Amino acid sequence: MVRRFFLPAPLVSVIAWLKWRARVSPRAEVEVSSNLTLGPGTTVSSFAKIKSSQGALVTGRECGFASGCFVAPGPGGISMGDEVICGPNVVIIAMNYRYQSLRVPFARQGVTSLGVRIGSNVWIGANSTILDGAEIGDNSIVVANSLVNRRFPANVIIQGNPAKVVLQRPATPGGADGGRTGAGAGA
């Protein structure tokens, strides 16, 4: 708990590089704890907040959190595959308040936490929210401003509040761009 408040941000950046070979902006707020595992090449941009004191956050390699992202794994944790892209202001929260009693304030009823699972090669568009219990399959796209609150299979494009499958992505060998990735592929 002391590290959370007294560890200078530039030192967090150095620790992330040495421990995981991850790039963390000195302007990001990342809780370094035993619950946090960032994959090699993962990038955490300015003003992103990653909380890891209440549960595990495990990312695969080459994941990216753009500016303003907020990630809070509860006891159920958050696991992300390789090459997951989170656009600006994406929120991923793996816990929920209990709400059974009308006579007890939400904060006093405790929380539930099923966890969040995100496959590999997933693109989560700007301002999207991923809630506790959600699962997103490999090679999927979450359209900007979507709310994901349940399980989705691989190879789909989902959109809306709540999110629904709007398109099944074709499984073509090497992808439509011939297997190229990055700026040259129209990213």
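Which residues of α2 are buried? This tour of a predicted model begins with that helix and then turns to the sheet.

**Helix α2.** Select residues 9-20, the 12 residues of α2. From the first C-alpha to the last, the helix reaches 16 Å, close to the 16 Å expected at 1.5 Å a residue. Next, highlight Val12, Ser13, Ala16 and Trp20, which are the buried residues of α2. Turn the view until it looks down the axis of α2: the buried residues fall within an arc of 105°, so they line one face of the helix.

Then select Arg21, which follows α2 and has a positive phi, near 60°.

**The open sheet.** Starting from β3, display the strands in the order β3-β6-β9-β14-β17-β20. They form an open sheet of six strands with parallel pairing. At its edges are β3 and β20 (151-152), each of which pairs on one side only.

**The pair β17 and β20.** Select residues 135-136, which make up β17, together with β20. The two strands pair in the parallel sense over two bridges. Within this pair, Ile136 stands opposite Phe152 in β20.

**Confidence.** Finally, colour the protein by pLDDT, whose mean is 91; 89% of the residues reach 70 or more. Select residues 180-187, where pLDDT stays under 50. For this stretch the model has three contacts beyond four places in sequence.

Notes:
Residues numbered from 1 in each chain as written. Predicted model: local features only at pLDDT ≥ 70, side-chain atom pairs only at ≥ 80, totals over all residues. Heavy atoms only, no water. Helix = DSSP H or I, 4+ residues; strand = E, 2+ residues; numbered from the N terminus. Expected span 1.5 Å × (residues − 1). Buried < 20%, exposed > 50% of the residue type's maximum accessible area, 1.4 Å probe, protein only. Arc of directions from axis to C-beta. pLDDT = per-residue confidence, 0-100. Contact = heavy atoms within 4.5 Å. Pairing = 2+ DSSP bridges.
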